[in-house]
Each structure stands twice: as C-alpha cells, then as structure tokens.
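Here are a few exercises to work through with the coordinates loaded in your viewer. Try each task before you read its solution.

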Amino acid sequence: MLALVGAALAVPVITVNIQQIGAGSNPVLSPVDVANISWTLASNPDYVSGAVIVFDQTIPAGSQVYLKIYNSTGSIIALGVNATTTSTNTVTISFTSAVDITKMETAAVVVKGPSP
C-alpha cells in the first residue's frame, strides 16, 4: 500500500487529506485518509528536528513512513523515515540534521505498507 500527500507549511499542525493513486483495474489503495503533522522544534526554535504524524487509521506493522521536506524550488532538503514494528496510528520521524523553517515550503508523507 502506498499513499502520497503534500501540505504547505503555514501552521504548526497540518491536516492533510490523502489522495488515492492508481489506474485501471488495480488501484493502489491508501491505508489512511487523513494525517496531522506536528513539528518538533530543535533547541534553536528556528529549526525543525522532526515531526509526529498522527493518522486517522491504524497503519499495519511493517509499514514504512517517509516524511519529505521540499524547499521553494522543489528540491528535497530533509528526509525522515520510520519503519513501524507494531500497528499504530502515531509515528515519530527525526531528521539527521535540523531543518531551517524559513527554507521549508512543502511536506510530503508517504506510507508504504508491509510486503505481503
């Protein structure tokens, strides 16, 4: 299962609506419909060190959740990944280095379900 979402970074908590993807007779179904992103500030509050993502539905154990942050030119400036070990609706993502809030333009959350 795969879901892709995007949201502008205008508020500290963002609600994103998930769009189903796929074509023909075998659409790729999303394991969630809505996600809320709460940003985790670094020790310098001008930077984000990660996020907590809360989904409206439980994602299965073995899923991978990706959080991509893009700048105004569409380049990825941060990528965080969390591989879930239990079924959950809350995922914490940490970036390897803090991200300057002024450079954050768009966030994308990708949920990849467990392999069959």
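Before we start, one cut-off: a residue is buried when its relative accessible area is under 20%, exposed when that area is over 50%, and partly exposed in between. Keep in mind that this is a predicted model.

**Exercise 1. Buried, exposed or in between**

Task: Assign Thr106, Leu79 and Asp100 to their accessibility classes.

Solution: 
- Step 1. Start with Thr106, which is found in strand β8. Its relative accessible area is 29%, so Thr106 is partly exposed.
- Step 2. Leu79 belongs to strand β6, residues 76-83. With a relative accessible area of 45%, Leu79 is partly exposed too.
- Step 3. Asp100 has 18% relative accessibility, and therefore counts as buried.

**Exercise 2. The overall layout**

Task: Work out how many helices and strands the protein chain has, and in what order the elements come.

Solution: 
- Step 1. Read from the N terminus, and the order is β-β-β-β-β-β-β-β.
- Step 2. Now look at the contacts between residues at least 6 apart in sequence: 59% of them join residues at least 24 apart.

**Exercise 3. Strand pairing around β4**

Task: Find how β4 pairs with β3 and with β7, and name some of the facing residues.

Solution: 
- Step 1. β3 and β4 run antiparallel and are joined by 7 bridges. Together they make a hairpin, with 5 residues between the two strands.
- Step 2. Check who faces whom in this pair: Trp39 is opposite Ala51 of β4, and Leu41 is opposite Val48 of β4.
- Step 3. Move on to β7, which pairs with β4 over 8 bridges, again in the antiparallel sense. Here Ile53 has Val91 of β7 as its bridge partner.

**Exercise 4. The nonpolar core**

Task: Which residues of the largest nonpolar core touch the most other members, and which element gives the most to it?

Solution: 
- Step 1. The largest nonpolar core has 21 residues, and those touching the most other members are Trp39, Ile53, Phe55, Val65 and Leu67.
- Step 2. The elements giving two or more residues to this core are β3 (34-41), β4 (47-59), β5 (64-70), β7 (88-100) and β8 (106-112).
- Step 3. β4 comes out on top, with 5 residues.

**Exercise 5. Surface and charges**

Task: Describe the accessible surface, find a nonpolar patch and look for salt bridges.

Solution: 
- Step 1. The protein chain has an accessible surface of about 6,400 Å², and carbon and sulfur atoms own 54% of that.
- Step 2. Ile76, Leu79 and Val81 make a nonpolar surface patch of about 260 Å².
- Step 3. With a limit of 4 Å between a side-chain nitrogen of Lys or Arg and a carboxyl oxygen of Asp or Glu, the count is 1 salt bridge.
- Step 4. Lys103 and Asp100 form a salt bridge, and their closest N and O atoms are 3.9 Å apart.

Note on methods
Residues are numbered from 1 along each chain as its sequence is written. This is a predicted model: local features need pLDDT of at least 70, side-chain atom pairs count only at pLDDT 80 or more; totals for chains, interfaces and linings use all residues. Side-chain values use heavy atoms; hydrogens and water are left out. Buried means under 20% relative accessible area, exposed over 50%, partly exposed in between (1.4 Å probe, protein chains only). A nonpolar core is a set of buried Ala, Val, Leu, Ile, Met, Phe, Trp, Tyr and Cys residues joined through side-chain atoms within 4.5 Å. Helices (H or I, at least four residues) and strands (E, at least two) are DSSP runs, numbered from the N terminus. Contact means heavy atoms within 4.5 Å. Accessible areas come from the Shrake-Rupley method with a 1.4 Å probe; for residues, only the protein chains shown count as cover. Patches are made of residues with over 30% relative accessible area and no salt bridge: like charges are joined within 9 Å, nonpolar side chains (Val, Leu, Ile, Met, Phe, Trp, Tyr) within 5 Å. Two strands pair if DSSP finds at least two bridges between them.
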